[in-house]
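Dear colleague,

Please find below the structure that I am passing to you, followed by an account of what was found in it.

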Amino acid sequence: MARPNTNSSYTTFLKVYTKLFRAFGPQHWWPGDTPFEIMVGAILTQNTNWRNASAAIGRIKKTGLMDPARLLAQHHRIPGLIRTSGFYRAKSRYLRAFLRYYVANYRGKVTGFSGKSTDTIRNELLSIHGIGPETADSILLYALARRVFVVDAYTRRIFARHGFINEKMNYAGLQETIEQELPKSTKLYGEYHALLVRAGKEFCRKNEPLCSNCPLGTMLRPAR
Ligand code: SF4
């Protein structure tokens, strides 16, 4: 668990983290028993809520296929197993592409990544059909414990609504901005992303933000 720094030289981004952590506590992310399960979850949760992805993960586990080589060998069963995750045909293709890469290059073992730079692995992941920056960074951060900040729609919405970032900033620019303002800590990055997701889900809704009850409500600029 990454506890907030109590040094007085907080940056704005660290203040946000501190407020969220104090309000919500540790989020124990990413849910998953193994790095491989986290990788699968990062792919299945694209464009859907975690409950749907989690149900699909539960089915894969129940059938004893939460193993890279076994799942690849039984890849024809993937669509049926992940049907609840939404866009399951596309996700089946993404998952198969990832499994082929992981088994062929790393024999499905997370230890195979050691010795490779984060940038190299990230580029490999981004070359796989269906894996974009958010999914690649989720895998890097939560499955491989690499220090990258995961940027998602909640991150962008929350920081933009407070005027901390330009909403039109691209993924790489936003990631770089946030990383520059935070201590270089894998644990902090992991906890922070999870806290932003929670704040986004519970308070910072797309159409109706619930600012008066939100832990970040006091950080809003006064209306003119
Ligand atoms: S709900 Fe309001 S206070 Fe909370 S993060 Fe969103 S804009 Fe900020």
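N47 lies in the loop between α2 and α3 (50-62), where helices are DSSP runs of H or I with at least four residues, numbered from the N terminus. Its phi is near 55°, a positive value in a residue other than glycine. With a relative accessible area of 66%, N47 is exposed (exposed means over 50%, buried under 20% and partly exposed in between, with a 1.4 Å probe and protein chains only).

This is a predicted model, in which local features need pLDDT of at least 70 and side-chain atom pairs count only at pLDDT 80 or more, while totals for chains, interfaces and linings use all residues. Residues are numbered from 1 along each chain as its sequence is written, and side-chain values use heavy atoms, with hydrogens and water left out.

The loop between α1 and α2 holds H28, which also has a positive phi, near 55°. H28 counts as exposed because its relative accessibility is 62%. W30 belongs to the loop between α1 (12-24) and α2 (35-44), and the peptide bond from W29 to W30 is cis, with omega near -10°. Most residues other than glycine have a negative phi, and most peptide bonds are trans.

F149 and Y189 are both buried. Ring pairs also link F13, Y17, F21, F149, F159, F164, Y189 and Y192 into a cluster.

Finally, the ligand is surrounded by residues that include I158, R161, H162, F203 and C204, where a residue counts as near if one of its heavy atoms lies within 4 Å. By class, this shell has nine nonpolar residues, two polar and one charged (Ala, Val, Leu, Ile, Met, Phe, Trp, Tyr, Cys and Pro are nonpolar; Asp, Glu, Lys and Arg are charged; the others, Gly among them, are polar).

Yours sincerely

Technical notes: Rings of Phe, Tyr and Trp (its six-membered ring) pair if their centres lie within 6.5 Å; planes under 30 degrees apart count as stacked, over 60 as edge-to-face and the rest as tilted. Helices (H or I, at least four residues) and strands (E, at least two) are DSSP runs, numbered from the N terminus.
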